[in-house]
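Please read this report with the sequence and the 3D view side by side. It moves from the contact between chains to single elements.

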Amino acid sequence: MKSPPEHLLFEEESSIDSEWLKDFAARAARSADTPEARRAIRNLYLAGFVGEAAGPGQSRIEIGGAGTRDIGVWRKAGAAANAPFVRRPELGEEWFYWSSTETIPPKKARWRVVLVGESVARGFLYDPDFNPAMALEAMLKAQLGERGIDVIDLAKSNQTQRELKSMIGQCLALRPDVIVAFAGNNWRPQLGERDIPFVENLLRTDGVPGMKAYLDVRREEAARHLVRQASSVLGPRNVKLIWVVPEFNLQDWTDPVSCAPLLGGGDNRVWRDLAQSARQALQARDFALAETLATRMMELDGGTTSVSPRILVECHRAKGDAVATRRFLEMCRDAEGWNPGFSYSPRISTALQDILREAAAIPGQAVVDLPRILEEQQGGGLPGRQMFLDYCHLSATATNAAMTAVGSKVLALLTGREVSPQKLAAGAISPPAKIEGKVSFFAAVHNAHFYQGAEVVRYWCARALELWPECERIMTRYIDIQTRRTPFLACKSAFELAEIDRRERLQYLLRGRVQRLDPMLANVIADCLAGARPAFRKWLADLQIAEHSVKSGAKELTDFCYASAIPTPSERGWTSKSFLNNYGSRAVFASAFDECSKFPFVGEAGQPVKLKLCCRVPGLAEPDATLKIEVNGRLVAQVSVQKAWSAHEALVPGDCVLDGVNEIAVTWPPQTESYQDALRQTSDLLLEGQLQYFRYVFGEIHSLVVFDPARPSQH
Amino acid sequence: MGECLNIVGISAGYHDSACCLLRDGEIVAAVQEERFSRIKNGNAFPAAALRYCLGSAGLTIADVDCIAFYEDPTLKLGRQIWMGMLPGLKRDRRESIRSRLLKPPPESEIRRLTGFDGAIEIVDHHLSHAASAYYFSGFDEAAILTIDGVGEWPTTAYGAGSGAEIRRLAQVDFPHSLGFFYSAITGYLGFEVNEGEYKVMGLAPYGRPRYVNQISRLLEDGPGGDYRLNLRYFSFLQQDRMYSDELTGLLGVPPRSYGSELTQDHKDIAHSAQLVLENILLEKVRYLHSKAPSENLCMAGGVALNVVANRRCLSEGPFKRLFVQPAAGDAGSCLGAAAVAHVRRTGARPRQKLMHSAYLGPSNLVHDTQRLLTAAGVKFSDYRQNPSTLVEAIVDKLIQGQVIAWVCGRMEFGPRALGARSILADPRRPEMQDRINALVKQRESFRPFAPAVLEAHAREHFALDHPSPFMLETCQVISPIPLPAITHVDGSARVQTVTAETNPRFAQLLEHFYQRTGCPILLNTSFNLRGEPIVSTVMDAISTFGRSRMDALVLDDFVLEQEDLPELWRDISRKPQRGSHGYAVYTML
């Protein structure tokens, strides 16, 4: 029997005219709209006194079932419980991130496996010709027959942890028996508003190392939470879950950094001196001294830069200590994953790998430990280019090794049978040489654009030509497109590329839709084609001059086309308005995180060039300081710069200019502002909700224009 | 550069972000950010527009003396706080108001994004509007009327300009707003608020004044310049909808859903709302004249884009001359902000007294276009050696009934295409309106296209006794030539008068068309697809042309034929992106 209500609710009404509040509101705004008042309001908000209370959040997972309408880019076609899911045309822009499957059929086989995860699971650079789901399905069908099992591919490139969580719930609508989750590379540190009160305090006292320690804990908590939540969702439904622990290209991958981020207590100055001495010691092959200095650097930087462990890698390599080498390479990988606003490349940390490994102890969950598998595959060596196309994306060999292990777990979970990996591997499929050739070229481009050196880019280009000589047609047309200033889809070469290969695969090359002067990649290709296409180098040089020489008009070198081609590691810390993996800044100027900034420009031998630089040194304590401008290593100007913007012109004499790509180096005045001031400012801005780079800014460039001195009006 | 006074004007953060450069009181450049971002009516900080404006004068940020911002954030915050205090406010609305309190103010954002460390002038929103019209009107003195949705508090401002001085005489404050009155009807009729108001205006002539009595109850005329909205019929203060259910009860017709059929009731409502707006505007214009007895009237603000109302204000009101700035909406207020900053710094009004033309945006370099077409290997005609033959060839096509996409010279500032980024056609052909809609515009069939006419011949064809270079006035078509493609159902047209001084190539085209046909008029509509901004670059033009089925594309000295276009070009453009404007409610935050 329903009990009578204990109270009644009445809406109160008011006839008081709200117009009377206008003066109050205007005064409130005036008092709130000062810097101090804004800061106070924001702090109170962060403390939870204005609006929502700060504190741990909640997350919910939709449980897929008969009523589920959408899964990823697929929508249920009809109301019937067994209706298929069909790809949604209106989401065409997103299709590239998902499997190219048009229709996901209802479950008909006895068992169903669903693969979820990130671009590694997608088969990045191979897909749609080859991918992990294909490999797994071929192996399983070889064991269980065509009607015994199917594998549904729900992996998505760029997938976040939140999306993964959602997909684990949603995919239950497809009635899987096993879910394979191959993810962890995109589990980047998150800096939400509720973290700011913690982080800004840690920043002030301990610098970026303090912040990193906090964000690492939060990231690890989130991963544990995900594993637990998945168990809560899948366990009662008797759906098994296999985690595949990702691995990283430890052997080949390097992060383009040379400075530490802002450290606590003004330690940057000490760190820089130590780094300089350690590099000198390495050069002198004094590994003991280098190790001592790098160890001290690590104590100061708290594992926030790969510079110090990289020195230790060199020291231990020289000693032949493979275990220590691997350990420090893992530290290199883990060191550059702390910045919530900027990423050099996706990766998984040792701590996150261990958390996934712990899932093996959860009933109904199993783990495929890819780092161990790859290590065994290579006989104990470091994972490198045999296993990886870039930082984390797998070669076909590694994909098959991973899927063999997954297949073995799937069979054990579903049938209780132990099937040896060798037996499973017999059912593996491998992409043909033509596809391997194409993928190799895609890998060359990808590595070049992610700041890797010419040696690794050369390896991939050479492999591409070796496996599929016709790849030369793709290479030359791609470089033709990159070198032109004409928007790429207006280039004849783009039409020709589209005729050579499927449009969806060309997205790997043309997805950014923004061209860049790609001198290193172009040079490597010219080297590789020297035998087959001896005229290519001359053609390339002519095209570079025709398109980019100052004779054809003034060029703004902070534009993406040029700034993306910054050639040496010292400038790779640049982030500017136009860098693709720059999450936060929308500023119309670029910031330098190193003492020297280098830009390429295209000139003609003997022809003078004029440059105009508009810059400032925000941290300058003195009224002014001297900035050096060098072209191809020769000093062309020393100018006086200030804290405020100033513009400077310099003439580059003709005898200093080379045919083709030249280099302008801007050396900033020595750092004068205290690092503590920079740290304080960073913390203040973080409180205002502004994303930061957490690095010392040596200088800022509003524009750097090169033009023909004979035609100044062009500029 | 130091001897010049360089002032950058910025409007941003609400809708129609834009930037301009005023150099020693002369307008050097002005452009909306949407033309670069390709997000229609986008509100993002105009970073690309700023780069263009500085680059067009060979300046860097170090040369900028002052940045002027087009509204006062503190005053606006007061209005937002007041809105947040109203009873019955929905939670998400309150949240969004609170988020304003937590955001860095525009001044900080300008400094952070541009790195600018000089003076920033904050200019009241309606003063920005007023200055954008008055200082560039060519008048030495004028009455000034600015009307929009809302700025800080004011929604309507009455003022007077004399020399360098602008005085405000009176104002009407939020929530009472003629802009919101019209936007509520726009939403009621199923069009996008803050975007579809001109559709209501275009629909009005198809209707009858059957709802005037009811719609008049939405507004209460007050003494002098005052008026009030009858707030029971509006819900924008509390909800994400402009009108309340009581309006439905009052009109007795359910609100039209987006995209559904337009009935006679909808047309009658549009007609009645337009009439009510015109009547009250006329009333207020008379009031303004009583306070500022000038022969000249300047108008700005979104409502000033209602060309039909403008016509009545001029023809039936007490003023003899009217100037409406071509970018009369928020985009154009960056010009006003810059002009006010100029006055504050020099004590004098900007040297450029008359805005002769709206061609203030980027142009495409001929050799870049040639390079692009050559690199593409596409077939094209090159008229660089003899541009007049290009005009002859295009006139041939127009006479044959072809639809021409026309990109020539610097892009227009403001919402109208004025012969720099236009679609052109023969206005004498009855089928042309449907044809253009089918080929490219895909817009409602009731909306008329506008004519461009040689200024010297304008009076022979239109009841217009003065130049109308910015297409911001309507008048009756009196032409002896039937002009079905540009004549609205009520016999009116929104005219642009063209002279060789402001757009020589376009004038030449009209002249040749006149010589061949006796008709000095062309149909002129903006070169864009539905939901997209007007094209700017050659690639924008090619992409839009490729996705339409227009017959030929003119790119300054080059001409492409539709059949010669590579297939890949037809689908190269990004998907149209939805603008930042709200659909159901005016985004008054």
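This is a predicted model: local features need pLDDT of at least 70, side-chain atom pairs count only at pLDDT 80 or more; totals for chains, interfaces and linings use all residues.

Residues are numbered from 1 along each chain as its sequence is written, while chains are lettered from A and ligands numbered from 1 in the order in which they are written.

**Where the chains touch**

In chain A, 43 residues are in contact with 38 residues of chain B. Contact means that two C-beta atoms, placed from the backbone, lie within 7 Å. Several elements of chain A each supply at least two residues to this side, among them α1 (22–32), α2 (35–46) and α18 (492–500). The largest share, 7 residues, comes from α1(A). Helices (H or I, at least four residues) and strands (E, at least two) are DSSP runs, numbered from the N terminus. By class, the chain A side has 23 nonpolar, 10 polar and 10 charged residues. Here Ala, Val, Leu, Ile, Met, Phe, Trp, Tyr, Cys and Pro count as nonpolar, Asp, Glu, Lys and Arg as charged, and the others, Gly among them, as polar.

**Strands**

Strands of a sheet pair through backbone hydrogen bonds, either parallel or antiparallel. A pair requires at least two DSSP bridges between the strands.

| Strand | Partner | Sense | Bridges |
|---|---|---|---|
| β6(B), residues 141–147 | β7(B) | antiparallel | 7 bridges |
| β7(B) | β8(B), residues 165–173 | antiparallel | 8 bridges |
| β2(A), residues 74–76 | β3(A), residues 85–87 | antiparallel | 3 bridges |

Strand β7(B) takes part in two hairpins. One joins β6(B) to β7(B) through 6 residues. B:Leu145 has B:Tyr158 as its bridge partner in β7(B). B:Ala157 stands opposite B:Gln171 in β8(B). How many residues of β7(B) are buried? The count is 8 of 9, so the strand is largely enclosed by the rest of the structure. Buried means 20 or more other C-beta atoms within 10 Å of a residue's own; exposed means 12 or fewer, and partly exposed lies in between, with C-beta atoms placed from the backbone.

In chain A, 4 strands form an open antiparallel sheet in the order β1-β2-β3-β4. Its edge strands, β1 (70–71) and β4 (103–104), each pair on one side only. Within the sheet, A:Lys76 has A:Phe85 as its bridge partner in β3(A).

**Helices of chain A**

A:Gly145 follows the helix, with a positive phi near 90°.

Helices α5(A), residues 161–170, and α6(A), residues 196–234, pack at an angle of about 5°, with axes 10 Å apart. Residues that meet there include A:Ile168 in α5(A) and A:Leu226 in α6(A).

**A loop residue**

A:Ser549 lies in the loop between α21 (536–548) and β10 (555–556) of chain A. It is buried, with 21 other C-beta atoms within 10 Å. Beyond neighbours within four places in sequence, A:Ser549 is in contact with A:Val602, A:Gly603 and A:Glu604.

Note on methods:
Axes are lines fitted to C-alpha atoms, for helices over the stretch in contact, and angles run from 0 to 180 degrees between N-to-C directions.
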